[in-house]
Number of protein chains: 2
Amino acid sequence: MHNFTLHTPTKILFGEGQIAALREQLPSDARILITYGGGSVVRSGLLTRIREALSGMTLFEFGGIEPNPSYETLMGAVELARAERVDFLLAVGGGSVLDGTKFIAAAAPYEAADDPWHVLETVGEKVKTAIPLGSVLTLPATGSEMNMGAVITRKSTGDKQHFFSPCVMPRFAVLDPVLTYTLPARQVANGVVDAFVHVVEQYITFPVDAKVQDRFAEGLLLTLIEEGPKALAEPENYAVRANLMWSATMALNGLIGAGVPQDWATHMLGHELTARHGLDHAQTLAVLLPVLLDVKRDAKQDKLLQYAERVWGITTGDEALRIDLAIAATRAFFERMGVPTRLRDYGVDQPDVTTMLAKLQERGYTALGEHGDIDLETSRHIYEAAR
Amino acid sequence: MHNFTLHTPTKILFGEGQIAALREQLPSDARILITYGGGSVVRSGLLTRIREALSGMTLFEFGGIEPNPSYETLMGAVELARAERVDFLLAVGGGSVLDGTKFIAAAAPYEAADDPWHVLETVGEKVKTAIPLGSVLTLPATGSEMNMGAVITRKSTGDKQHFFSPCVMPRFAVLDPVLTYTLPARQVANGVVDAFVHVVEQYITFPVDAKVQDRFAEGLLLTLIEEGPKALAEPENYAVRANLMWSATMALNGLIGAGVPQDWATHMLGHELTARHGLDHAQTLAVLLPVLLDVKRDAKQDKLLQYAERVWGITTGDEALRIDLAIAATRAFFERMGVPTRLRDYGVDQPDVTTMLAKLQERGYTALGEHGDIDLETSRHIYEAAR
């Protein structure tokens, strides 16, 4: 096990009706900006419930944060936060709203004379302070409600930039599984795939004898495999939604990744697929992960065999066969969730590999993976094999 | 899954050499009281290393905190902390030093005119403020380094009182597995048993469809079963010590107990065995848990069968047999760790059941267990069957 630091101070309020506990999480004299995405939180009545729960407090609102939240949109909220001297942010939505709100939190107090986009540079090292934030989560997927990371897109250049800072770790997260009942199936499926791949990226690397982290990772994968299809079949099954919501939070709050190697190549390559070809984030992961596991099967052999046995119960056949079967099972699970796993399924018969590789190079992503050996040539191979 | 609140702000610094990161966890102008137990941290040189790591800072020291830390001893530290206006406590040791330090933290600022023992009443509700504390852990077992609980003994009356308060949640914990190499085998074994029973008490109750919590619990049990005997055989195996240390912290930091029923009867009954017959804390658990699981086998049937299958791989035979085998396997594991599981093994042929039941009644522990149905008669049965 590698040395690690783990600090996860987000207070979790989990379960039906926990919005009732929202008010006491916020300073009574706070000037609160509620951030949200499209109209779903309006239509569902959630925003009204939150306004009622916080009645008498000083509230501002900023809606319209889109999937893959954009700098261009978010700067409107930054201006509002500055003008109204907002001192608490309440994100109501899924990972995009949370990520966008983290940018607002870091950018509003950013005092450099230059463009706040630059606060994202050096993956967050420039963030020295931020407006405190909390969230009411409506979509389990990204884990952003209990971590210090975010991904922001700049539409004008097609850049997708991630950053990390303890300053943007949410103070609290309200996780009410009932709020997820009305999600479209596509978003539920995407969320399950996203959480699944988050776990795999911290698990299928090489062994460092970190038994707790491995077993926690396997427990999350097994839960997602069991509960994911049920969530599509029975949208109002509380236990299923609760298990998925908690799995997604645990998948990326630092716990299973503490002290182990990690391989975020699938996410990095996926960001370019979204930017260039418009696939949903989770769709890019479903397309790329099975190929990446196959391409890196030698380097990942020990963990792939462990994954085959403990997650899929595959114990017979030679090692190559067991790995083939585990990768096939992974692909079949994504397909069963209704998320196709080939680029051609999304109408992308000829991926623009040249442009995507150029972007990877521009960002310095030329040595990805747990060994730093996923170079541009390997990335090309992965993109092409994903057709 | 039940609703829950989970808040675990302790910063973990895990791994060999993390004492180097100690200084930056402490306010530079703090008046720090270092607390410790017997002489082992002196003999091992750890205290010297910590003094060096904090050279130039304002340090005070209080040693001699005993196993089952006593009010009588700790009041000496409370007086020192008050006299020297200490504003940070650094516990160096195992669970007893940590628990004792939590009492010091709560009692020193306790301003009521009466005896600080009363700060423990109503299991901690009276604690409104505390001196902040951190720790350097030397013995993985109790999980006290990342939770808000403590148990204090009053020698004069034989009382053993637990209390909980978010005010005494440690700010940080340094977990260096190397520091555990020199522990006596008995303490290593006790620690493994203690952590194992912590997990069981949050796991073998009744199912509430909390799949993540169940699988995390099973992962910890499997790790303790695999690594415990190795720790006795190979005291300087870093990976083994690291896995045990992390398991013990995870066993009682709130994570696996979030949203699930719990049964702390083994601990409650065990405290009286320690008070009356002097067994080590973990010895009481090894003696009582197998009996309790047998006595409550009907109420715990579903989870006992799950435990049998997922932890011990027991899948054949009828339900009663599988439960018998799982309980036998539990007992055999404790024995293999060198911790006997019958009172007679400790020379207690005639346990003073009358006195222990009177103490349970005095404390109001007459309805223990996840269903509140472990009454004094059931407790009598458990004590007598443990001979």
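Modeller: Let's start with buried area: it is the accessible area (1.4 Å probe) that two parts lose on being put together, summed over both. This is a predicted model, in which local features need pLDDT of at least 70, side-chain atom pairs count only at pLDDT 80 or more, and totals for chains, interfaces and linings use all residues. Residues are numbered from 1 along each chain as its sequence is written, chains are lettered from A and ligands numbered from 1 in the order in which they are written, and side-chain values use heavy atoms, with hydrogens and water left out.

Colleague: Thanks! Which domains does chain A have?

Modeller: Domain bounds come from an automatic or database domain assignment. For chain A, that assignment gives domain 1 (11–178) and domain 2 (185–385). Their C-alpha centres lie 27 Å apart.

Colleague: How many residues of domain 1 of chain A are in contact with domain 2 of chain A, and what area do the two domains bury between them?

Modeller: Contact means heavy atoms within 4.5 Å. By that rule, 24 residues of domain 1 of chain A touch 23 residues of domain 2 of chain A. The two domains bury about 2000 Å² between them, and 62% of it is on carbon and sulfur atoms.

Colleague: How many salt bridges does the rule find across this domain interface?

Modeller: First, the general idea: side chains of opposite charge can pair when their charged atoms come close. The rule asks for a side-chain nitrogen of Lys or Arg within 4 Å of a carboxyl oxygen of Asp or Glu. Across the interface of domain 1 and domain 2 of chain A, it finds two. One pair in the model is A:Asp159 with A:Lys359, at 3.3 Å from N to O.

Colleague: And which elements give two or more residues to the side of domain 1 that touches domain 2?

Modeller: Helices (H or I, at least four residues) and strands (E, at least two) are DSSP runs, numbered from the N terminus. In chain A, the elements on that side are strand S1 (4–14) and strand S7 (159–164). S7(A) gives the most, with three residues.

Colleague: Now for the two chains. How many residues does the contact take from chain A and from chain B?

Modeller: The contact takes 38 residues from chain A and 38 residues from chain B. Together the chains bury about 3400 Å², of which carbon and sulfur atoms give 58%. On the chain A side, A:Arg215, A:Phe216 and A:Trp246 supply 18% of the area buried against chain B, more than any other three residues.

Colleague: Where are there salt bridges between the chains?

Modeller: The rule finds six across the interface of chain A and chain B. A:Glu226 forms a salt bridge with B:Arg215, with the closest N and O atoms 2.7 Å apart. Another pair, B:Lys211 and A:Glu227, meets at 3.3 Å, N to O. This pair crosses between chains, from helix H6 (residues 211–233) of chain B to helix H6 of chain A. Over all chains, the structure holds 44 salt bridges.

Colleague: Do strands from the two chains run parallel or antiparallel?

Modeller: Two strands pair if DSSP finds at least two bridges between them. Here, seven bridges join S1(A) to strand S1 (residues 4–14) of chain B, and the strands run antiparallel.
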